[in-house]
Structure formats: structure tokens, C-alpha cells
Amino acid sequence: MICSEVCRTYTRQWAFHRHVWKSANRTLSSGAETKFPGASIEHGSADKQRSESNLPVHDVAIVGGGMVGMALACSLAKIPLTSHLNIAIIDSNPALQSGQSIEKEAPPDPRVSTVTPATRALFQDVGAWKYVEEHRHAYFDRMQVWDYTGLGYTKYHARDVNKEVLGCVVENKVLHKSLLSCLQDSGSQHKLYPLRLSSMHLEPASASSRHGSLAKLELSDGNSLYAKLVVGADGSKSRVKELAGISSSGWKYSQNAVICTVEHMEENRCAWQRFLPNGPIALLPIGDKFSNIVWTMDPEESLNRKSMSEVDFVKEVNRALDNGYGPRPKSQSLGGASPFSWLTAKKAVSAYDCFEIPPKITKLTSERMVFPLSLKHANSYATKRVALIGDAAHTVHPLAGQGVNMGFGDAFSLSNVIAEGIAVGSDIGEVSLLRRYELDRKPANLTMMAILDGFQKAYSVDFGPLNVLRAAAFQGVQNLSPLKRNIISYASGEQRFPLFS
């Protein structure tokens with residue numbers, strides 16, 4: 001019965017991905033424009049309203065001034081063809097006005113992101129990474145992945161792909177402040193509206209208008225503004241997506257993530273991830289002797305983990321990262337014969353490839369935060385005068401830390417498409433131009449989402465034969481160098497698609 005249920009689950013997921021790919025292809029090929037609900041305003045009224053109210057007109061209005069929205073603003077400010085654009089940033093977050101202070105001596109915030117080498121290169125291109133380096137951050141050069149059965153493990157090293165690091169863990173507030181500093185130092189035309197978006201609709205063009213048709217945005221204080229292009233960077237519950245009438249597909253996982261900051265005895269330069277019966281636990285270095293915990297589990301268990309004493313929680317974390325739930329895998333170089341050694345040719349195993357025991361946690365140094373997990377994907381990334389980026393377009397499971405990197409990829413792709421449009425005299429809000437951004441990002445995002453969802457499904461079932469297959473996969477990757485290099489290159493953002501693309 002368990003096996004048949006697993007098969008039915010995968011059949012449903014495959015049907016969903018086929019549906020999304022087909023709808024994406026239809027959307028990209030149609031070029032049809034979608035009008036906002038309530039956009040039926042009589043022609044000729046727009047100019048009259050603009051002249052009477054003297055409302056501000058912006059080239060780009062970014063709704064959501066978080067990390068991804070600020071990355072778009074920085075990129076537009078950096079590219080010569082877009083540096084002249086007048087940008088509005090609409091976000092009620094007080095930190096955008098006051099400037100979020102970062103105390104270097106304080107323990108790290110539990111909300112962090114794993115920045116891939118590809119994303120770091122994009123930050124360097126716009127001049128934001130130098131601000132990141134002024135604050136706490138942690139590069140890691142190796143990663144160890146294994147599961148609770150003890151049957152196999154995989155070690156990834158930066159040297160496998162001739163790199164110095166595999167990634168860098170940075171607090172979200174550091175990334176955000178660095179992008180904000182970069183934008184403030186750019187000298188670009190931008191204005192912050194510390195408000196929420198209330199409504200949005202299209203204003204038609206008229207003969208006397210020098211701007212053409214525009215999107216009108218009404219804000220929470222009752223005032224309004226116009227924009228040639230509205231970018232929804234306002235998260236998974238995007239108001240822009242809702243007002244634009246863009247639907248989404250997806251589902252909620254029956255899992256929550258518990259995140260927190262912990263301290264250990266020695267500095268950590270490795271990213272650790274162990275798959276447990278109820279979900280993976282990750283230990284990510286964040287600098288000095290601190291690390292970040294991302295622990296996925298069922299909702300009831302997450303509430304218990306959040307409410308238990310700090311002493312008991314630390315014990316549970318150490319148990320989950322070491323030999324709780326099952327034995328440690330055996331290193332072949334230490335005399336441990338892998339159950340799957342017959343799958344690969346015999347070769348010498350270096351000390352770098354030996355299984356390592358994660359550092360022992362000694363202290364909890366932050367609050368424990370709990371978040372529900374889901375997968376969601378917008379059926380369209382663009383309509384007339386609207387584009388979606390980041391979590392407004394897609395949300396994924398955090399098991400590989402790819403969500404924010406996908407969002408940054410969206411932001412930099414959209415800025416390049418806008419620049420290309422300006423170079424040939426296109427209207428930056430025309431759907432035919434915005435579809436080029438969608439064509440660039442949607443296939444790559446869908447591929448990553450399908451892979452992450454597949455991993456989540458594969459490691460959510462505790463079933464003997466499936467456990468053996470998972471362990472064989474770990475050991476196969478560990479011993480097949482070309483496959484390991486391909487996985488590293490794809491996860492680091494250097495390849496858009498997996499499988500030796």
C-alpha cells in the first residue's frame with residue numbers, strides 16, 4: 001500500500017508539472033495582453049486626471065522593498081541604459097526609512113540566505129558585495145549530505161570544481177542593508193513611498209498624452225502615482241499579483257521550518273544537511289562560532305520544538321545532527337565498506353572525502369522561529385505594465401537554499417530586458433517586451449522547483465526499499481566525479497539547467 005501511495009503521489013506531481021509547462025508555453029507563444037480587473041476607464045479621462053491632480057509619474061514602480069526588490073533597483077541604477085529611470089519603491093517597512101542598524105557584536109539573526117557564487121558575482125557587478133563584506137558573513141568550501149539510515153553520504157568540495165568556495169551564508173538584514181547602501185550611493189533617481197499598495201488599474205492613452213497608457217497605483221494614504229511598469233516584488237502574498245489578476249498553481253507542504261542561531265566550540269566552514277524521517281535539518285555557518293539551523297518537520301512537532309526548554313532543544317539538535325534516528329555512515333577510507341561499493345569502481349578515498357561529524361552545539365543564541373512551507377508558482381510572470389519577481393512569482397521548499405537566489409536571478413534578468421527594450425526604443429511596460437523576461441526565467445525556475453519538490457517528496461516517505469534507493473543515490477554521487485561536478489555547478493548557479501547542460 002505504501003508503495004502504491006508513493007506512485008500515486010509522484011503521478012499527481014508529474015501531472016502538475018506537465019500542466020504548468022504547457023500553460024507556460026501557451027502563455028509565452030500567445031503574446032496576448034491581460035487587462036487588470038476594473039481597468040475600464042473611458043479614453044480621454046487619463047490626461048485630465050493627471051493634469052488636475054498633478055500626480056507623479058515614474059518609469060518603474062517597485063512594490064516591495066525587500067532584498068529582491070532592492071536588487072532590481074540597484075541593477076537598474078547600475079546599467080548605463082537604465083540609470084536615468086525614475087524609480088518608485090513602495091514599501092511600508094520602517095527599516096527602509098530609518099536604516100536598519102547592524103550591531104557587529106550581537107549574535108547573528110536567524111533569518112539568513114545562502115548566496116551562490118553566481119548571485120555573488122551579480123552583487124559584485126552592481127557594486128553591492130563590498131557592503132556585504134563590511135559585515136558578518138561566512139564562506140563555506142565544503143558540504144556534507146547524508147540521511148538517518150547511515151547507508152550513504154555525499155561530500156562536496158569547492159576544489160571539485162576548481163573553486164575556492166561553494167557559497168556564502170549572509171544574514172538577510174545584511175544583504176538588504178548592503179543593497180540599500182548601494183542604491184543610495186548610486187546617485188540614481190529613486191523615491192521611497194513608505195506605504196502599502198491599495199489598488200491598481202490601467203489608465204488608457206490619449207492624443208495629448210506624452211506618456212501613453214500608464215498604470216495608476218493608489219496608496220494606503222489615499223494618494224496615487226503613475227508608472228510605466230509596475231514590478232511586484234512583494235512576496236508570496238503579492239498584492240500586485242492579486243490586483244493584476246494573475247493566478248498561481250501549487251500546494252502547501254505538511255511541514256514547517258524551525259530556524260534559529262546556535263553556537264558551537266569551534267568555527268564552522270562546512271554546510272551540513274541530514275535527512276531525517278520527518279524532513280531535513282541543515283547546519284549553516286554564519287561566522288565566528290555561530291551557525292544557522294533550518295529544521296523541517298511536521299507542524300505539531302515544530303510547535304513542540306519551539307516551546308521546549310533551550311537545554312532540551314540543544315540536545316535534540318545535536319541528536320538530529322549526529323547519531324539520533326540511526327547510525328553514522330561509514331567512511332570507506334576508514335575501513336568501512338559501503339553497501340553500494342559494487343556500484344562504483346574501486347578507488348582511493350582521500351581524507352577530504354571521509355565522513356565528518358558536525359560540530360557539537362553548545363548554546364542557542366536566538367529565538368526559534370517557525371514558518372509554514374509551500375510550493376507556489378505564478379502562471380504568468382508578466383502582463384500589460386506588470387512583472388513579477390521573487391516570491392511573488394514563485395515560492396519553494398528551503399532544503400537547498402535556492403529561493404532567494406532564484407529571486408535575485410529574476411531581478412537581474414528583468415533589469416537586462418528593460419535595458420534591451422530601451423536600447424531599441426520599446427515601451428518598457430509592453431507585454432511583448434516583458435515576455436522576454438518571462439521566457440528567460442520561467443523555464444529555469446520551473447526546473448529548479450521540480451527538482452526541489454522531487455527531493456521533498458522522495459525524502460518524506462520512510463519506506464525500506466525507497467530508503468535503500470536514496471542511500472544508493474548518495475553513494476553514487478559520492479563516487480561519480482562528473483556527476484558531482486555537475487550538481488555543484490548547477491546548485492551554484494553556473495549552469496541554468498542540470499544534466500551536463
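**Salt bridges**

I began with E420 and R436, which form a salt bridge with the closest N and O atoms 2.8 Å apart. I count a salt bridge when a side-chain nitrogen of Lys or Arg lies within 4 Å of a carboxyl oxygen of Asp or Glu. The pair links distant parts of the chain: E420 sits in helix α11 and R436 in helix α12 (residues 431–458), 16 residues apart. Helices (H or I, at least four residues) and strands (E, at least two) are DSSP runs, numbered from the N terminus. E420 is partly exposed, with a relative accessible area of 38%. R436 is partly exposed too, at 39%. My cut-offs are under 20% relative accessible area for buried, over 50% for exposed, and partly exposed in between (1.4 Å probe, protein chains only).

I noted the ground rules here. The model is predicted, so local features need pLDDT of at least 70 and side-chain atom pairs count only at pLDDT 80 or more, while totals for chains, interfaces and linings use all residues. Residues are numbered from 1 along each chain as its sequence is written, and side-chain values use heavy atoms, with hydrogens and water left out.

How many salt bridges does the structure hold? I found 20. In one of them, the side chains of K228 and D59 meet at 3.2 Å, N to O. K228 lies in strand β11 (residues 224–232) and D59 in strand β1 (residues 57–63), so the pair ties together parts that are 169 residues apart in sequence. K228 is partly exposed at 26% relative accessibility. D59 is buried, at 15%.

Next I looked up R269 and D141, whose closest N and O atoms are 3.9 Å apart in a salt bridge. R269 lies in the loop between β12 and β13 (270–276), and D141 in the loop between β4 (137–140) and β5 (142–147), so this pair ties together parts 128 residues apart in sequence. R269 is partly exposed, with a relative accessible area of 35%. D141 is partly exposed at 24%. Both belong to a network of salt bridges that links D141, R142, K155, R269 and E356.

**Helix α11**

I went back to α11 (residues 403–423) to check its length. I took the expected span as 1.5 Å times one less than the number of residues. Its 21 residues should span 30 Å, and its end C-alpha atoms are 31 Å apart, which agrees. Is the helix enclosed or open? Of its 21 residues, 16 are buried, so α11 is largely enclosed by the rest of the structure. Just after α11, G425 takes a positive phi of about 80 degrees.

**Cores**

A nonpolar core, in my notes, is a set of buried Ala, Val, Leu, Ile, Met, Phe, Trp, Tyr and Cys residues joined through side-chain atoms within 4.5 Å. The largest one has 73 residues, and those with the most contacts inside it are L217, V230, I389, F408 and L414. Helix α3 (residues 67–78) gives the largest share of this core, 9 residues. A second, separate core has 23 residues, including I293, M297, A320 and L364.

Strands pair if DSSP finds at least two bridges between them. V115 stands opposite C168 in β7.

E171 is in β7 (residues 167–171). It counts as buried, at 1% relative accessibility. Leaving out residues up to four places away in sequence, E171 touches P108, D109, R111, V112, R136 and I286; contact means heavy atoms within 4.5 Å.

N256 is in strand β12 (residues 248–264). At 12% relative accessibility, N256 counts as buried.

**Two positive phi values**

N162 has a phi near 60 degrees, positive in a residue other than glycine. I placed N162 in the loop between β6 (153–157) and β7. R385 has a phi near 65 degrees, also positive in a residue other than glycine. R385 is in the loop between β18 (382–383) and β19 (386–388). Are these residues buried or exposed? N162 counts as exposed at 74% relative accessibility, whereas R385 is buried at 1%.
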